[in-house]
Amino acid sequence: MCEAIMRRRGWAVNASFLIAVCALPISASAQNDCKKPLYLTFDTGHMEVAPLIADVLQRQQVRVTFFAAQEPTKQGDGSLGAHWAAWWRARGAEGHAFASHTWNHVYWRADLGDAAAPAFRVRPSAGPRQGQEFTMGAPEYCEELGRAADRLQALTGQKPLPLFRAPGGKTSPQLIASAKACGYTHVGWAPAGFLGDELSSEKFSNEALLRKALQDIRSGDILMAHLGIWSRKDAWAPAVLEPLIVGLKAKGFCFRTLREHPDYAAVQLR
């Protein structure tokens, strides 16, 4: 039956996928009991696979947390632009959670300034200064965080979480402290939660990434993938996403948003 379901949904059905997904005991009560929670998160990307990802999440009844920036996309005017407004509005209605990824997808490069006047060398990968390195003060960085959060609220109708993810996960204690001072707590991901969708598909096949994730992920892990990666030829999503979710559910895991993560529940009450 497992193989038949995979074929109907168009999944790859070679031996690696079948062994990884089908040869697992099914735990129907795990989603309700949620004794082994996982926190699946998506950062924005080129968005081409975003509708397919949304279909998988809806079909599997999985709620996730989206970290969003206004990144270049294959269709439309950026990942938080008008073209994608209906997509975000639908995700809000489905009960997903949302948080900032900075507005211009601003990479931290180095600390500058001092504790009294923090500043950072940054390089955005979006916006009018895309690809340029320059200095950004802590107030400007906070504006980046707030602008993305405000746009998410306008698009989804939901108040974003007081969380953020720095692009590439690149931070420093000074950056984290500066963001916290303006109300944002940083969220990274577990080592096993790096799902590998931005790695070279020539070196890291979808089958290998699925097998590794099913083997290594543990209860409480924060998982991270993207709504499309420009550099990967063999798209990770949705090819790996649904087999991964099915396989993890079969191992007794359940999925929750970061609203329910014990480390971040308190910051939402401030």
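The model is predicted. Helices α4 and α9 come within 10 Å of each other, axis to axis. Helix α7 has its buried residues along one face.

**Packing of α4 on α9**

- Helix α4 spans residues 50-60, and helix α9 spans residues 241-250.
- Their axes cross at roughly 25 degrees. Angles under 35 degrees count as roughly parallel, so α4 is roughly parallel to α9.
- The crossing of α4 past α9 is right-handed.
- From α4, the contact residues are Ile53, Val56, Leu57, Arg59 and Gln60.
- From α9, Leu241, Glu242, Ile245, Val246 and Lys249 meet them.
- By class, this contact has 6 nonpolar, 1 polar and 3 charged residues.

- Helix α7 runs over residues 173-181.
- Gln174, Leu175, Ser178 and Ala179 are its buried residues.
- Seen down the axis of α7, these buried residues fall within an arc of 130 degrees, so they line one face of the helix.
- Pro173 and Ala181 are exposed, on the face of α7 turned away from the buried side.

**Surroundings of α7**

- Gly183 follows α7. The phi of Gly183 is positive, near 100 degrees.

Key: Residues are numbered from 1 along each chain as its sequence is written. This is a predicted model: local features need pLDDT of at least 70, side-chain atom pairs count only at pLDDT 80 or more; totals for chains, interfaces and linings use all residues. Side-chain values use heavy atoms; hydrogens and water are left out. Axes are lines fitted to C-alpha atoms, for helices over the stretch in contact, and angles run from 0 to 180 degrees between N-to-C directions. Helices (H or I, at least four residues) and strands (E, at least two) are DSSP runs, numbered from the N terminus. Angles under 35 degrees count as roughly parallel, over 145 as roughly antiparallel, 65 to 115 as roughly perpendicular and the rest as oblique. A crossing is left-handed if the near helix is turned anticlockwise from the far one by less than a right angle, and right-handed if clockwise. Contact means heavy atoms within 4.5 Å. Ala, Val, Leu, Ile, Met, Phe, Trp, Tyr, Cys and Pro count as nonpolar, Asp, Glu, Lys and Arg as charged, and the others, Gly among them, as polar. Buried means under 20% relative accessible area, exposed over 50%, partly exposed in between (1.4 Å probe, protein chains only). The arc is that of the directions from the helix axis to the C-beta atoms.
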